[in-house]
Amino acid sequence: MKTLLAADIGGTKTLLQLSHANGEVIAQQRFDNSAFADIESLLTTFLSSIPANFLPITSACFAIAAPVSGRRVQLTNLPWIIDTNKLLAEFPIAELELVNDFAAVGYGIGELVEQDFIVLQHGEPQAKALRAVIGAGTGLGQAIMSPIHKGWRVWATQGGHTDFAPLDQTQQALLTRLLEQFEHVSYERILSGSGLVMLYQFIAEQQGITSDKTLSAEQISEQALLHAEPLALSVMQSFLQIYGAQAGNLALTTLPRAGLFIAGGIAAKNLALFEQDHFMQAFLAKGRMREVLEQIPVYLINNPDVGLIGARLLAQKALYNVQHDG
């Protein structure tokens, strides 16, 4: 029996899925990474729940929130090292491929259906043009997709680490503050869970608001969605403006006329806020290039398993290649 293992390993959580070679899911679990010292202990927990007749795993693909080069990868926002050779030696896995998490998202997009997307801008879609994806969560991921015969080729990037560019005096003050703390201020410093908390603290100071409580990123967005706290709503609006501006930067850089896709946990959990004007206004605010950006379709992905779906697809492709090589 041939089985596939797909993993989407982020800075905060890991999704694991075991499936048959045809993609039929056998088991799927979500793990909080803070509960585990390393990927080995997490895998041990997951595999201990798998019946022996589904092992060994024929082909596996791990999507990792980090630049991937070679067979040993250090996560960007988590002190874990994913070592292919070590994992193959310790676990019942025959083949293992490592890919960037947003490369997996890019492949997963091609497997989604219409119901998995929310249209933020219809634009003028061109099927044979480039696609691009951006997504904020624990970090800020970006990737580019180029059309090939019967599918897409995905190019992972580290575009989330490009220099943050302020849009107004408040954002300039934010940059000045962050430069006091960090050698380099990227968009990921702000467009991430920890960045949202930092933005909340900064805007509270700017508005002269003092509070003993420290809200998490999830609490800030919840308060904004419920309109329960004006400060939280103001913070989320600022966050979406910066997010939209960087999405517009990506769109200008790549001209993804087949679609710009918004992925990541923050977007999926804050759909009502994204459907307001703050994100798209900042996306389009590129002066003489506004009309160009108005032509680009913009979609929000509301399927949280898109990276896992992409990892499973790559595990299937690896299995197919092994069978043909044999």
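The buried residues of helix H1 pack against strands E1 (3–9), E2 (13–20), E3 (25–32), E4 (59–64) and E6, plus helix H2 (84–90). Keep in mind that this is a predicted model.

**Helix H1**
- H1 spans residues 39–47, and its buried residues are Ile39, Glu40, Leu42, Leu43, Phe46 and Leu47.
- Those residues sit on the same side of H1, because they cover an arc of only 160 degrees around the axis.
- As a bit of background, an α-helix has 3.6 residues a turn, so residues three or four places apart point the same way.
- Look at the start of H1 too: a side-chain oxygen of Asp38 comes within 3.3 Å of the backbone nitrogen of Glu40.

**Asp83**
- The side chain of Asp83 makes a polar contact of 3.5 Å with the side chain of Arg72.
- A polar atom of that Asp83 side chain also lies 3.1 Å from the backbone nitrogen of Asn85.
- Leaving aside residues up to four places away in sequence, Asp83 touches Arg71 and Arg72.

**Helices H7 and H8**
- H7 brings Ile220, Ser221, Gln223 and Ala224 to the contact, while H8 brings Ala232, Leu233, Val235 and Met236.
- Sorted by type, the residues of this contact are six nonpolar, two polar and no charged.

Notes:
Residues numbered from 1 in each chain as written. Predicted model: local features only at pLDDT ≥ 70, side-chain atom pairs only at ≥ 80, totals over all residues. Heavy atoms only, no water. Polar contact = N/O pair within 3.5 Å; in protein donor to acceptor, adjacent residues only side chain to side chain. Contact = heavy atoms within 4.5 Å. Helix = DSSP H or I, 4+ residues; strand = E, 2+ residues; numbered from the N terminus. Nonpolar A, V, L, I, M, F, W, Y, C, P; charged D, E, K, R; others polar. Buried < 20%, exposed > 50% of the residue type's maximum accessible area, 1.4 Å probe, protein only. Arc of directions from axis to C-beta.
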